Amino acid sequence: MRFKNQHFWLAAFIAFVLDQLTKYWVVQTFDLRESLPLLPGIFHLTYVTNTGAAFSLFSGKVEWLRWLSLGVSLALIALAWFGPLLNRWEQLGYGLILGGAMGNGIDRFALGYVVDFLDFRLINFPVFNFADVFINIGIACLLIATFQKTPTSHRR
């Protein structure tokens, strides 16, 4: 038996597992706020926690963010399971978003915060994690899917 939207399920699984494995490694390896410069002044691994959303927006609002993560996850699962066959870019996009939402959602439910550790200092960017990366790549995939669907006009 073949699953509908196979790339969706594969992308979600890989994104979720990579996110959780890297967070586990950081928590086991670093003390809170400890930083390891890989490229000094440019890129560090820095263990921090975040009770808000991306860029610490809505900091301390973990209660509704955990339910938002759950709602988004359930909606995406329903779309892939009960919805139409998605094109490859849509499957990758929605799958990566699901993997990221589940990764951060699990943190919010289990810990009350999200583990962040990717620290780009060259541009003074907020510390983030692979779930955030996968969500953003997923959005880019959906944009590609949208542009591919845009009808071309054949005016003379």
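Contact here means heavy atoms within 4.5 Å. The structure is a predicted model, in which local features need pLDDT of at least 70 and side-chain atom pairs count only at pLDDT 80 or more, while totals for chains, interfaces and linings use all residues. Residues are numbered from 1 along each chain as its sequence is written, and side-chain values use heavy atoms, with hydrogens and water left out.

The chain contains four helices and three strands, taken as DSSP runs (H or I of at least four residues for helices, E of at least two for strands) and numbered from the N terminus. Along the sequence these elements follow the pattern α-β-β-α-α-β-α. Of the 156 residues in the chain, 37% are buried; buried means under 20% relative accessible area, exposed over 50%, and partly exposed in between, with a 1.4 Å probe and protein chains only. Among contacts between residues at least 6 apart in sequence, 68% join residues at least 24 apart.

A nonpolar core is a set of buried Ala, Val, Leu, Ile, Met, Phe, Trp, Tyr and Cys residues joined through side-chain atoms within 4.5 Å. The largest such core has nine residues: Val26, Phe30, Phe43, Leu45, Tyr47, Val115, Phe117, Leu118 and Phe128. Strands β2 (43-50) and β3 (114-120) are the elements that give two or more residues to this core. Leaving out residues up to four places away in sequence, Leu45 touches Trp25, Phe30, Glu34, Ser35, Leu36, Leu38, Phe117 and Leu118. A second, separate core of seven residues includes Ala12, Leu76, Leu98 and Leu142.

Aromatic rings form a further theme. Rings of Phe, Tyr and Trp (its six-membered ring) pair if their centres lie within 6.5 Å, and planes under 30 degrees apart count as stacked, over 60 as edge-to-face and the rest as tilted. By this rule there are nine aromatic pairs. One of them, Phe125 with Phe128, is edge-to-face, at 5.7 Å centre to centre and 85° between the planes. Phe128 counts as buried because its relative accessibility is 14%, whereas Phe125, at 34%, is partly exposed.

The packing of helices α1 (residues 6-29) and α3 (residues 88-111) can be described next. Their axes come within 7 Å and cross at roughly 30°; axes are lines fitted to C-alpha atoms, for helices over the stretch in contact, and angles run from 0 to 180 degrees between N-to-C directions. The crossing is right-handed, the near helix being turned clockwise from the far one by less than a right angle. By class, the contact of α1 with α3 has 11 nonpolar, eight polar and four charged residues.

Ile14 lies in α1 and is partly exposed, with a relative accessible area of 41%. Its C-alpha atom is 9.9 Å from that of Gly100, 86 residues away along the chain. Val27, also in α1, is partly exposed at 35%. Beyond its neighbours within four places in sequence, Val27 is in contact with Tyr47 and Val115, and its C-alpha atom is 9.5 Å from that of Phe117, 90 residues apart in sequence.

Finally, Ser73 lies in helix α2 (residues 62-82). Ser73 counts as buried because its relative accessibility is 7%. Residues up to four places away in sequence aside, Ser73 touches Leu98, Ala101 and Met102.

How values were computed
Ala, Val, Leu, Ile, Met, Phe, Trp, Tyr, Cys and Pro count as nonpolar, Asp, Glu, Lys and Arg as charged, and the others, Gly among them, as polar.
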